[in-house]
Amino acid sequence: MTVLVFNLFSGEKMSFKRGGSGEFGSSKNVVVFSRNWALFLCVSSFCAGMFFTNRMWMEPEAKAAAKTSTLEERWTNLKSEDCNQKFVVKRNFSSNMGEAVSMDQRDIQEQDKGISDVKIKMSLAKEEHHSVSHSVPVRGNMESSKSAALKRKYFMVIGINTAFSSRKRRDSVRSTWMPQGEKRRKLEEEKGIVIRFVIGHSSTSGGILDRAIEAEEKIHGDFLRLNHIEGYLELSAKTKTYFATAVAMWDAEFYIKVDDDIHVNLGTLGMTLAGHRMKPRVYLGCMKSGPVLAKKGVKYHEPEYWKFGEVGNKYFRHATGQLYVISKDLATYISENQNILHKYANEDVSLGSWFIGLDVEHVDNRRLCCGTPPDCDWKAQLGNICVATFDWKCSGICKSVERIKQVHELCGESEEALWHSSF
């Protein structure tokens, strides 16, 4: 083997020959190259190396480019899928929002329907209430009255104010001018006149006083029990409660309060009220304007006397408390405003004060406050029968339990006058 060594720096030629024995031979086997050829071979080798090197790098770059394009496509697809997902999400969100809005609209419609149903039920309940109110009460108790009577309107409701200790007074009224049993029921059905003794409850619920009234109610069935605690100083509150309760139970044209020591001619009362049926707000009675009593300890003392001006002033005009009549509109007004109506010491003053400032017609009828015989007697003989009779000095019939029968015989109307009267 011959090895050619050429020193580019020195330009010297060197050659070696390796024999079988490993020794270098003689110079006859040496091949000599010129400097130009050596340079040409080096440049050629360099170019060949560069050529093959570039070929080797092009394929990885192409593969890399292919990979890059693949990655870009995948990224584009991901972005596209993401957009599609966003679009789907948005569309789903919009769809969900639409469904939510639809659900909200359905809920609102259901609520409106529920409100409508409630209104209908309230209307039906109101009609049922009126139906019950138009019924004929057999008992004074509100619950038994509602469940026992027929639907109808009434002409007048008469509430006889009474107390726990007034059993004898009530019996004297029952035996004179107040019909009993079937006659009282007939009076309600045919004439539209309801009569009840009005009383509340004792301060001891279920005590002996309440039990006595309950036993009397079982016998006569002519009580209207109020949600009220009895007491003389509570008459104004009792009056409000009575009118509110009566207007809720009976749909009548007139509501009357009378004391249990007064004599009343029912037929004459009906004929008197018939002349005021077309008036919307009417207040009937024996109108008076008594002094405001500022001195403590006297009967009818007015603790709020200072509201009526100087000492010695008189009250405003109002109906005396033995008997007065108000129309349905005024009874309804009291019922709807009972929580804010002021109560004075005297119930007749309180009632008159509730109508101040209202467009109310005050009717002063002296036939509603006739005196006991001989006053009512000679008036009856002249054909001018009294509606109510009592003694002014006693604010009722003096010793009414003993005397009311006499008053009834002398001043009372005939029984036919009531049943033949057309209201």
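**View 1. Strands β6 and β9 pair in this predicted model.** Strand β6 and strand β9 (residues 318–327) run antiparallel and are joined by five bridges. Strand β6 (residues 252–259) is mostly covered, since seven of its eight residues are counted as buried.

**View 2. Strand β6 also pairs with strand β3.** Here the two strands run parallel, and seven bridges join β6 to strand β3, which covers residues 154–161.

**View 3. The strands belong to an open sheet of seven.** Read across the sheet, the order is β5-β4-β3-β6-β9-β8-β10, and the pairing is mixed. The edge strands, β5 (223–229) and β10 (361–364), each pair on one side only. From one strand to the next, the twist averages 25°.

**View 4. Helix α6 lies across several strands of the sheet.** The helix lies across β3, β4 (193–201), β5, β6 and β9, and it runs at about 130° to β5. Because 13 of the 15 residues of α6 are buried, the helix is largely enclosed by the rest of the structure. At 1.5 Å a residue, the 15 residues of α6 (residues 235–249) should span 21 Å, and this agrees with its end C-alpha atoms, which are 21 Å apart.

**View 5. Helix α8 lies across β6, β8 and β9.** This helix is formed by residues 328–337 and runs at about 100° to β9, while β8 covers residues 282–288.

Notes. Residues numbered from 1 in each chain as written. Predicted model: local features only at pLDDT ≥ 70, side-chain atom pairs only at ≥ 80, totals over all residues. Heavy atoms only, no water. Helix = DSSP H or I, 4+ residues; strand = E, 2+ residues; numbered from the N terminus. Expected span 1.5 Å × (residues − 1). Buried < 20%, exposed > 50% of the residue type's maximum accessible area, 1.4 Å probe, protein only. Pairing = 2+ DSSP bridges. Axes fitted to C-alpha atoms, helices over the stretch in contact; angles between N-to-C directions. Contact = heavy atoms within 4.5 Å.
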